[in-house]
Amino acid sequence: MADDSKPTLEPEGCPHCPKENMSDSRRTLMRRLGWGAFFTTLAVSAAGTLRFFFPRVLFEPPTSFKIGTMKDYPSGSADKYGVISVSEQFMEKQRVWIVRETDKVYAIFGKCTHLGCTPKWFADERLFKCPCHGSQYYSNGVNFAGPAPRPMDRYIISKLADGRIVVDSSELFTVDNFDDPRCFLKA
Amino acid sequence: MTLKEKIMGSQIWKSIFRHDFEDTPSNRGKVIRSNVFLHLHPLRIPEHAMKIRFTWCMGGITFFAFLVECITGILLMFYYHPVIEYAYMDMKYLQFDVPFGQILRNVHRWGAHLMVFTVMLHMLRVFLTGSYKKPREFNWVIGVVLLTLTLLMSFTGYLLPWDQLAYWAITVGTNMGAATPFFGVEGPFPIVDKFNDVRFVLLGGTTVGANALLRFYVAHVIAIPAIVFVGCAIHFWRIRKDGGISRPL
């Protein structure tokens with residue numbers, strides 16, 4: 001329902017209205033200040049609200065952690081992929097498998113290279129299998145079945161002066177960089 | 001004076017209902033116009049609007065499913081804690097011990113499937129009948145937004161049972177977010193790292209954990225439904241404003 005029938009107030013008809021042009025520049029200034037303050041407040045609140053969604057502290061495990069000494073990953077007989085042992089000790093907390101081959105140790109990041117699920121280690125078959133889309137990997141993390149495009153990535157691994165081994169998950173090595181000296185330890 | 005006359009003549013009744021209910025064209029109009037919910041609806045319904053084979057009433061069915069989701073969802077909230085330690089157990093508790101919990105959860109789940117299905121059929125009908133054309137272009141745009149929000153409600157609700165299906169679906173889904181151009185760490189031309197990209201803000205962290213469960217819960221039960229409610233109000237009101245329900249040519 002439009003209210004067109006209502007009489008509109010003519011500016012001249014208002015006895016209390018200030019005369020035209022009298023304080024026009026001051027009124028313009030006040031209006032701009034007012035709206036300026038309003039939109040500034042709005043913009044700052046919006047920016048603050050956006051920042052609010054990015055937490056400063058994460059209650060996730062630290063990116064760098066110790067996994068014991070070389071004695072914890074002893075030599076032995078290798079399977080047909082050259083792998084002696086796959087340790088699941090740090091899988092639940094850090095999502096990493098420690099793999100011992102005859103001549104080296106490395107840390108496989110337990111994330112399927114297809115879409116990021118965590119594969120499962122089948123010790124009897126010497127295979128990793130991904131539950132999401134059926135990708136499969138040998139015990140050394142190299143893919144051979146399913147949609148996974150490349151072997152599972154590896155983390156930085158290093159040895160402290162006292163012999164303890166440290167895995168650092170802040171950097172990933174893909175298959176092209178597996179011979180980088182930072183992503184394996186010589187046994 | 002009968003009881004009915006006594007009630008309908010009281011000041012309480014008259015303060016709520018400003019008109020009487022004698023079946024006159026004027027009163028029929030007032031019933032619609034004086035009700036905040038019904039006023040979205042047109043005053044008079046044209047005959048062609050009753051042709052169910054043209055409209056399928058698919059939008060109406062979708063809205064009905066949405067209302068069912070709201071009611072059953074609020075009831076489920078009485079037993080569900082969005083916390084890792086409890087989420088899965090609460091879901092099982094609802095299924096196995098809460099009185100009528102099993103049927104409540106199932107109605108909520110099947111209602112969600114129904115809503116996605118009918119909203120798509122609604123879109124198909126609008127497309128096939130050309131009802132997106134002028135002057136209804138803007139309402140089509142609102143409809144597309146509502147479709148997206150419907151899918152987001154399904155996606156966020158999917159995590160809440162906190163079972164394997166939920167966990168991995170959200171892992172895969174948010175990893176796709178990480179492939180967003182510019183704002184995803186694994187996407188083309190990233191200007192972010194894994195601690196401030198799209199996936200991070202969706203999950204409240206770098207992995208699907210406690211923060212992710214809480215965020216998806218808040219989005220699922222209030223943030224998205226609130227927007228959907230406002231969107232629906234505009235969508236229905238615009239039908240009337242854009243010339244009424246579309247008709248067979």
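Two strands pair if DSSP finds at least two bridges between them. Helices (H or I, at least four residues) and strands (E, at least two) are DSSP runs, numbered from the N terminus.

The structure is a predicted model, in which local features need pLDDT of at least 70 and side-chain atom pairs count only at pLDDT 80 or more, while totals for chains, interfaces and linings use all residues. Residues are numbered from 1 along each chain as its sequence is written, and chains are lettered from A and ligands numbered from 1 in the order in which they are written.

**Stop 1: the strands of chain A**

Select residues 104-109 of chain A, which form strand β4. Opposite A:V105 of this selection stands A:L185 in β11(A). Strand β11 covers residues 185-186 of chain A and pairs with β4(A) in the antiparallel sense over 2 bridges.

The link from β3(A) to β4(A) is a hairpin of 2 residues.

Now select A:R95, in the loop between α2 (91-94) and β3 of chain A. A:R95 is not a glycine, yet its phi is positive, at about 60 degrees.

**Stop 2: an open sheet in chain A**

Move to the open sheet of 4 strands, whose order is β5-β6-β7-β8 (chain A) with antiparallel pairing. Its edge strands, each pairing on one side only, are β5 (120-122) and β8 (143-145) of chain A. From one strand to the next the twist averages 35 degrees. (Axes are lines fitted to C-alpha atoms, for helices over the stretch in contact, and angles run from 0 to 180 degrees between N-to-C directions.) Select residues 136-138 of chain A to see strand β7, which runs antiparallel to β8(A) and is joined to it by 2 bridges. Here A:Q136 has A:A145 in β8(A) as its bridge partner.

**Stop 3: the domains of chain A**

Colour residues 15-52 of chain A as domain 1 and residues 64-186 as domain 2; such bounds come from an automatic or database domain assignment. The C-alpha centres of these two domains of chain A are 61 Å apart.

**Stop 4: helix pairs in chain B**

Two packed helices are described by the angle between their axes and the distance between the axes. Select α8 (residues 137-159) and α9 (residues 164-177) of chain B: their axes come within 7 Å and cross at roughly 130 degrees. The helices α8(B) and α9(B) are therefore oblique to each other. (Angles under 35 degrees count as roughly parallel, over 145 as roughly antiparallel, 65 to 115 as roughly perpendicular and the rest as oblique.) Residues in this contact include B:F155 of α8(B) and B:I170 of α9(B); two residues are in contact if their C-beta atoms, placed from the backbone, lie within 7 Å.

Then select α5 (residues 58-77) and α11 (residues 210-241) of chain B, whose axes come within 12 Å and cross at roughly 155 degrees. This angle makes α5(B) roughly antiparallel to α11(B). Among the residues in contact are B:F63 and B:F66 of α5(B), with B:V221 and B:P225 of α11(B).

Finally, select B:P135, in the loop between α7 (101-128) and α8 of chain B. The peptide bond between B:K134 and B:P135 is cis, with omega about 5 degrees.
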